[in-house]
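I have a sequence and a structure to go through. I want to note down what I look up, one topic at a time.

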Amino acid sequence: RTAALNEVGVQAFVSTDAIITSLLEDDDDQNSAYTADASTRIYRDIDFLRSDLRYRISCSLETIQQKQQSRLGSVPSVGNAEMDAEHDACSLLFDRLARERTPKVLAELVQALATHFEHEEQLLIAAGFGQNAPEGFSPLISHTKDHTRIITAARTALALTLKNGVPLDCAQNLAHLFEQHAIQFDTHYSDYLIAYAGRQS
């Protein structure tokens, strides 16, 4: 028993008992445990409740394991083989950086990002991405500005960690910038690159 429990006593369990009791109330619908909303679900007996709890716990553990196995810096496909390959190469470096945390790997990542961003911008210009946008509203300009923001953050991190190891949160933060850029910016050019590839074939 904890000090808090000794102080409160059995009253601490009153609300918990009430919740469990309400969950175990009889229900005419034998399938209600499957059809009712989880927050208002009614269980016909304690075994049914335990079974559902075990199922929910197993689902939660599976979700956690999937997140742990997900590679740092992983991003969705943009429908272009070259860009997907470069994104994957950057993702591998983010993953290496999180494991090894050395300035050497960070330097490799900075170079890979710079090369990828330059290639991507050239491809977007060739595909006509944002060319008809009103002045001041060009998606290409905002895209390239975000590239600059990410590469600046990576180069600043490299300058600060040349004499020491790279902190894990540094690797994670840089990967987060890359992932968010892919979601907020790269997904918008997919159709342009697919159409451009069609015109080139």
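These entries go from the whole chain to single helices and then to single residues.

**Entry 1: the whole chain**

I start by noting that this is a predicted model. Read along the sequence, the pattern is α-α-α-α-α-α-α-α-α. The chain has 201 residues, and 30% of them count as buried. I also looked at contacts with a separation of 6 or more: 59% of these join residues 24 or more positions apart.

**Entry 2: helix 5**

How far apart are the end C-alpha atoms of helix 5? Helix 5 runs over residues 81-100, which makes 20 residues. At 1.5 Å a residue it should span 28 Å, and its end C-alpha atoms are 28 Å apart, so the two values agree.

Next I listed the buried residues of helix 5: M83, H87, C90, S91, L93, F94, L97 and A98. They cover an arc of only 160 degrees around the axis, and therefore they sit on the same side of helix 5. On the other side, A81 and R99 are exposed. I then asked what covers the buried residues of helix 5. The cover includes helix 6 (103-127), helix 8 (168-184) and helix 9 (190-200).

N80 is in the loop between helix 4 (46-69) and helix 5. Is N80 buried or exposed? Its relative accessibility is 11%, so N80 counts as buried. I looked up where its side chain goes. A side-chain oxygen of N80 comes to within 3.1 Å of the backbone nitrogen of E82, at the start of helix 5. The side chain of N80 also reaches the backbone nitrogen of M83, at 3.0 Å. Leaving aside neighbours within four places in sequence, N80 is in contact with L123 and L193.

**Entry 3: R101, after helix 5**

Helix 5 is followed by R101, which is in the loop between helix 5 and helix 6. R101 has 36% relative accessibility and so counts as partly exposed.

**Entry 4: helix 6**

I repeated the span check on helix 6. Its 25 residues should span 36 Å at 1.5 Å a residue, and the end C-alpha atoms are 36 Å apart, which agrees. The buried residues of helix 6 are P103, V105, L106, L109, V110, L113, H116, F117, E120, L123, L124 and A127. Which helices do these buried residues pack against? They pack against helix 5, helix 7 (139-160), helix 8 and helix 9. After helix 6 comes G128, with a positive phi near 80 degrees.

**Entry 5: the nonpolar cores**

How many residues are in the largest nonpolar core? I found 24, and those with the most contacts inside it are F94, L97, L106, L109, V110, L113 and L174. Helix 5, helix 6, helix 7 and helix 8 each supply at least two residues of this core. Apart from this core lies another, of 10 residues, among them M83, L123, A127 and L140.

**Entry 6: L106 and A157**

Not counting residues up to four places away in sequence, L106 touches L97, A154, A157, L158, T161, V166 and L174. From that list I picked A157, which lies in helix 7. A157 and L106 are 51 residues apart in sequence, and their C-alpha atoms are 8.4 Å apart in space. A157 counts as buried because its relative accessibility is 8%. Leaving aside neighbours within four places in sequence, A157 is in contact with L106, C170 and L174.

**Entry 7: cysteines**

How many disulfides does a search of the whole structure find? The search finds zero. C90 has 1% relative accessibility, so C90 counts as buried. C170 has 15%, which is under the 20% limit, so C170 counts as buried too.

Technical notes
Residues are numbered from 1 along each chain as its sequence is written. This is a predicted model: local features need pLDDT of at least 70, side-chain atom pairs count only at pLDDT 80 or more; totals for chains, interfaces and linings use all residues. Side-chain values use heavy atoms; hydrogens and water are left out. Helices (H or I, at least four residues) and strands (E, at least two) are DSSP runs, numbered from the N terminus. The expected span of a helix is 1.5 Å times one less than its number of residues. Buried means under 20% relative accessible area, exposed over 50%, partly exposed in between (1.4 Å probe, protein chains only). The arc is that of the directions from the helix axis to the C-beta atoms. Contact means heavy atoms within 4.5 Å. A polar contact is a pair of N or O atoms within 3.5 Å; within protein, one must be able to donate a hydrogen and the other to accept it, and residues adjacent in sequence count only if both atoms are side-chain atoms. A disulfide is a pair of cysteine sulfur atoms within 2.5 Å. A nonpolar core is a set of buried Ala, Val, Leu, Ile, Met, Phe, Trp, Tyr and Cys residues joined through side-chain atoms within 4.5 Å.
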